[in-house]
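Here is a friendly walk through one protein model, with the sequence and the 3D view to hand. Please keep both open while you read.

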Amino acid sequence: MQTMNRRTALKLTAGAAIAFPAILKHTRVYAADFTLRYANNCPATHPLTVRMTEAAEAIRKETGGKVDLQVFPNSQLGGDTDMLAQLRAGALNFFTLSPMILSTLVPKAAISGVGFAFPSYDNVWAAMDGPLGAYVRAQIERSGLYPFPKIFDNGYRQISSSTRAIQTPDDLKNFKIRVPPSPMWTSMFQGFGAAPLTINFSELYSSLQTKIAEGQENPLVTVNSAKLYEVQKYVAKTNHMWDGFWFLANRAAWQKLPPEVRKVIEEQIAAATLKERDDIRSLNASLEKDLTAKGAVFNSVDPAAFQSRLQASGFYKEWKGKFGDEAWALLEKGASRTL
Ligand code: X2X
């Protein structure tokens, strides 16, 4: 394939005098003042990637082309643990990460992922946009990262399997289930009696395809956008935990940006977050039908049976001890229940 650099392209088109200004605009001859890199683990069609791509465009427009926010979706730059290291080193400016995986760096960040904590989205947003979120953000700040005020949604998580339907907690016995890298995730599935395997999302599809793992757990939006239905058959509607994505910045690089640039970015990310939350909520409600049409076999479960298995395993006692009374009290208040 023949390639053309920008200068050649300009020379070629400069002859067409009338079209020149329009071409200038579209070929972006002037480099941006700030080239910023954002990455995530989500496929191109996932609402997080869709809304972040829109936000990048809005930021470019609002800053008159000064800010070029480049979006690298789909674990293009590596798995979550790699991308977190890149963010800390400054190779990435921004990264969205599950609080549970972030807990490998900021242990208390995992508090929002305690199993069966939030009975509804009303509880989730009141807690995460309120006192619990503020507590976690203060913990994250100590690590050299800057968390944006609002967390994106990942969704309520469901268990899928290629080998058997998960109807009761007993069906999880010795079940080879992939979990993301995070001590509490491993502990939770050990509590159910399963055999959890820690695997980054970037390796999830292949681990299911090769049957290294029999199953996994993710919101339906992810089962659909990452095409996990191609390598999974059963989906149990466990809603065993809510999960989000903190929008994280490398703090040193963030603070170097002029205040007016930071303001535009904060506003656009906040708008993208609210739209993404709506997308996830409505998609998760409608996807059962689409996934069934693609061959998935759904079943409901009694969540209380799963939660009491966790209780009996000592999961809540252990994690309450690890998080401490202050964090636990904020979680219980946000969830409006005693755990
Ligand atoms: O790794 C996962 O399963 C995912 C996509 O849900 C997270 O980022 C936590």
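## Around Phe118

Let's begin with Phe118: leaving aside its neighbours within four places in sequence, it is in contact with Ser112, Asn123, Val124, Ala127, Leu132, Tyr156, Trp242, Leu331, Gly334 and Ala335. Contact here means heavy atoms within 4.5 Å. A second, separate core of 24 residues includes Ala56, Tyr146, Leu257 and Val264.

As for the largest nonpolar core, it has 77 residues, and Leu102 and Phe118 touch the most other members. Helix H6 gives the most to this core, with 5 residues. A nonpolar core is a set of buried Ala, Val, Leu, Ile, Met, Phe, Trp, Tyr and Cys residues joined through side-chain atoms within 4.5 Å. Buried means under 20% relative accessible area, exposed means over 50%, and partly exposed lies in between (1.4 Å probe, protein chains only).

## About the model

This is a predicted model, in which local features need pLDDT of at least 70 and side-chain atom pairs count only at pLDDT 80 or more, while totals for chains, interfaces and linings use all residues. Residues are numbered from 1 along each chain as its sequence is written, and side-chain values use heavy atoms, with hydrogens and water left out.

## Helix H6

Helices (H or I, at least four residues) and strands (E, at least two) are DSSP runs, numbered from the N terminus.

At the start of H6, the backbone nitrogen of Asp122 has a side-chain oxygen of Ser120 within 3.2 Å.

## Helix H4

In helix H4 (residues 80-89), the buried residues are Asp80, Met83, Leu84 and Leu87. Seen down the axis of H4, they fall within an arc of 105 degrees, so they line one face of the helix. That arc is taken from the directions from the helix axis to the C-beta atoms.

Covering the buried residues of H4 are, among others, strand E1 (34-39), strand E3 (94-97), helix H5 (99-102), strand E4 (145-147) and E11. Just after H4, Gly90 takes a positive phi of about 95 degrees.

## The ligand

Of the 13 residues around the ligand, Asn41, Asn154, Arg157, Arg178 and Asn218 come nearest; a residue counts if one of its heavy atoms lies within 4 Å. Oxygen atoms of the ligand lie 2.8 Å from an N or O atom in the side chain of Asn41, 2.9 Å from a polar side-chain atom of Arg157 and 2.7 Å from a polar side-chain atom of Arg178. Taken alone, the ligand exposes 270 Å², and the protein buries 99% of that.

Asn200 sits in the loop between strand E8 (195-198) and helix H9 (204-209). Asn200 is buried, with a relative accessible area of 17%. Leaving aside its neighbours within four places in sequence, Asn200 is in contact with Gly79, Asp80, Thr81, Arg178 and Pro181.

Asn174, in the loop between strand E6 (158-161) and strand E7 (176-179), has a positive phi of about 60 degrees although it is not a glycine. Asn174 is exposed, with a relative accessible area of 54%. Lys227 has a positive phi of about 55 degrees, although it is not a glycine either, and Lys227 is partly exposed at 41% relative accessible area.

Definitions and conventions: Polar contact = N/O pair within 3.5 Å; in protein donor to acceptor, adjacent residues only side chain to side chain. Areas by Shrake-Rupley, 256 points an atom, 1.4 Å probe, with all protein chains shown as cover.
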